[in-house]
Amino acid sequence: LLDLGELQALLIDFHRLCHVGIGVMDLDGQVLAAAGWQDVCRNFHRVHPETAANCLESDQVMALGLKPGEVRIFKCGNRMWDVITPVFVGGRHRANLVLGQFFFEDEIPDYTAFRSQAQKYGFDVDEYLAALDRVPRWSRETLDEALNFFRKIAQMLSNLGHVNVQLALAVEEKEKALGALKLSGRRLRQAQELARLGSWEWEAGSDRLTWSEEVFSIYGRNPQTFEPNWSAFLECVHPDDRAILEDGAAWRERPTREFNLEHRIVLPDGTVRFVEQAAGVERDDTGAVIRIMGGIQDITKRKNAERVVVESEIKYRTLIDSAADAIFIADAETGNILEVNQKAAVLTGRTATDLVGMNQKRLHPDWEMEKYSAGFKAHSQLGETSCLEAEIRRSDGAIIPVEISTSTFEFSGRKYAI
C-alpha cells in the first residue's frame, strides 16, 4: 500500500523539521517506519522483553475502537505519554501512526518509580535516568497545535494508500486488456473475458456497426432493443466529446493503420463513464477502407484514481501552506529556490512567483550573501540538519533576524534542501 523506503524518508524529514518522534506500526505492533524515537525507548524499553511487551500492549490496546480522524493521548506501560491515530485505507484499519514519547511541562516524572524500574529490569540506572532527562517536555498548547497536523499526516497516508491501491488495480486491468487486444485480419481477437472490455466492427460497404455484448454493457444499452449504428453511437457520446467523433470520415481516412482515443459516454440514467477506444483500419489493394475493427475499455476507475492523485497533490499543498513557519525547498547543488509556501512569501515580502527561481543567497543582505551561500553549500554536502541565526532582506529593504533550520533529502537521484 505504501513504499516503506519513501515513508521512512518522509518521517525522517518530518522529525528534522519538527523535532518530534513519529512512527508507523502495523496492527500487530510491528514498526514499519520510525524517526526520532527517544533513547530511553529505543535503547531500554524496546530492548528488554518485558518492557517491550508493555510497549506492544499499550500500542495495540490504545488503538482499539479508534475511527478515522480520532486521536488518543495515553501514558504507555512504561510511564511516558504517546499519541496514536489510525490509518485507514479503503475503509479498513491498516496501521497506526504514533507520536511520542514526551512528558508535559507541568508534570514531574516519578523518578523513584523509574529508578525502581531500571533496577528491576537490569538497566544501568545512571544511563537510564540520563536518557529519561532527554525526553522532551511539551506544553499542552504545543500538543494541541501538533494534533491538527498529526491528523492531516494520518489522512495523507490513508489517501496515498488508497490511491496506490486504485492505481495498481487500474494499471493491472489496463495491462491485461491491452495485452489481449491485438489487431489481426478481419477481426480483433475477442477480449470478452477481460473486465469491461468489448469489441466492435464497422463495415464500409453496408455502413453497419456491430457491437459485442460487452460494448452493450459498457454503454448501458439493451442488445434486444438497441440497434447500434453511427448516429445512435454518437448519441451515446458525451455532448462535449462528440466533435472528435462526429466526422466519421476522419476515422475512415486516417493514413495510419492503428489509432487510440479517449472520450466520455453517457448512460441512459445519466451516469458518465470514461472509455478508451483502440482501433485498426483494414484496406484493400487500392487503399480503400474495407472495415474498421476496434476494442473499447471502460477506464472510469483509472480516471477516478487519477483524480484522487490530483486531489492528494492539492492536500499536500494545503499542508505546506498551513505550516506555521516559512518553508523554502531549494536545489541542494545550485541553491536555486524550487518551491515555497505562503508564509515564505509573507516573510520576505515577495510573491511565490518572485521567489521560485531566485538563488537562496539573494534572501540575505548584500554584505552577507557569500557567507550564507558558502554555509548553504557546506551543509548541503554534509547532508546534516543545521540550525543557525541569520538575517534576511525583505523586498522593501528591511532587514529582519530569523532562525533557519535546514535539512537535505534525495528524490529520484536529485538532492534537495528544505
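The model is predicted. The protein's secondary structure comes to 13 helices and 19 strands. Of its 418 residues, 42% are buried. Among contacts with a separation of 6 or more, 48% join residues 24 or more positions apart.

**Helices α4 and α5**

- Helix α4 covers residues 111-121, and helix α5 covers residues 125-133.
- The two axes come within 9 Å and cross at roughly 135 degrees.
- The crossing of α4 past α5 is right-handed.
- On the α4 side, the contact is made by Tyr111, Phe114, Arg115, Gln117, Ala118 and Gln119. On the α5 side, the partners are Val125, Tyr128, Leu129, Leu132 and Asp133.
- By residue class, this contact holds seven nonpolar, two polar and two charged residues.

**Helix α10**

- Helix α10 runs over residues 300-321 and has 22 residues.
- At 1.5 Å a residue, α10 should span 32 Å. Its end C-alpha atoms are 32 Å apart, which agrees with that expectation.
- The buried residues of α10 are Thr300, Arg302, Ala305, Val308, Ser312, Leu319 and Ile320.
- An α-helix has 3.6 residues a turn, so residues three or four places apart point the same way.

**Arginine 79: backbone**

- Arginine 79 lies in the loop between β3 (72-75) and β4 (81-89).
- Its phi is positive, at about 75 degrees, although arginine 79 is not a glycine.
- Most residues other than glycine have a negative phi.
- Arginine 79 counts as partly exposed because its relative accessibility is 34%.

**Alanine 35: a strand residue**

- Alanine 35 sits in strand β2, which covers residues 31-35.
- Its relative accessibility is 9%, so alanine 35 counts as buried. The cut-off for buried is under 20%.
- Beyond its neighbours within four places in sequence, alanine 35 is in contact with Gln8, Leu11, Ile12, His15, Val20, Gly21 and Ile22.
- Histidine 15 is 20 residues from alanine 35 in sequence. Their C-alpha atoms are 6.3 Å apart in space.

- Alanine 204 is placed in the loop between β9 (197-203) and β10 (208-211).
- At 27% relative accessibility, alanine 204 is classed as partly exposed.
- Leaving out residues up to four places away in sequence, alanine 204 touches Val289, Ile290 and Arg291.
- Alanine 204 and alanine 288 are 84 residues apart in sequence. C-alpha to C-alpha, the two alanines are 9.3 Å apart.
- Arginine 394 belongs to the loop between β16 (386-393) and β17 (399-406).
- With 22% relative accessibility, arginine 394 counts as partly exposed.
- Val346, Leu347, Thr348, Gly349, Arg350 and Ile400 touch arginine 394, not counting residues up to four places away in sequence.
- Proline 365 and arginine 394 are 29 residues apart along the sequence. Their C-alpha atoms are 9.1 Å apart.

**Glycine 375: a helix residue**

- Glycine 375 is part of helix α13, residues 369-382.
- It is partly exposed, at 25% relative accessibility.
- Serine 386 is eleven residues from glycine 375 along the chain. The C-alpha atoms of glycine 375 and serine 386 are separated by 9.9 Å.

Conventions
Residues numbered from 1 in each chain as written. Predicted model: local features only at pLDDT ≥ 70, side-chain atom pairs only at ≥ 80, totals over all residues. Heavy atoms only, no water. Axes fitted to C-alpha atoms, helices over the stretch in contact; angles between N-to-C directions. Helix = DSSP H or I, 4+ residues; strand = E, 2+ residues; numbered from the N terminus. Left-handed = near helix turned anticlockwise from the far one by under 90°. Contact = heavy atoms within 4.5 Å. Nonpolar A, V, L, I, M, F, W, Y, C, P; charged D, E, K, R; others polar. Expected span 1.5 Å × (residues − 1). Buried < 20%, exposed > 50% of the residue type's maximum accessible area, 1.4 Å probe, protein only.
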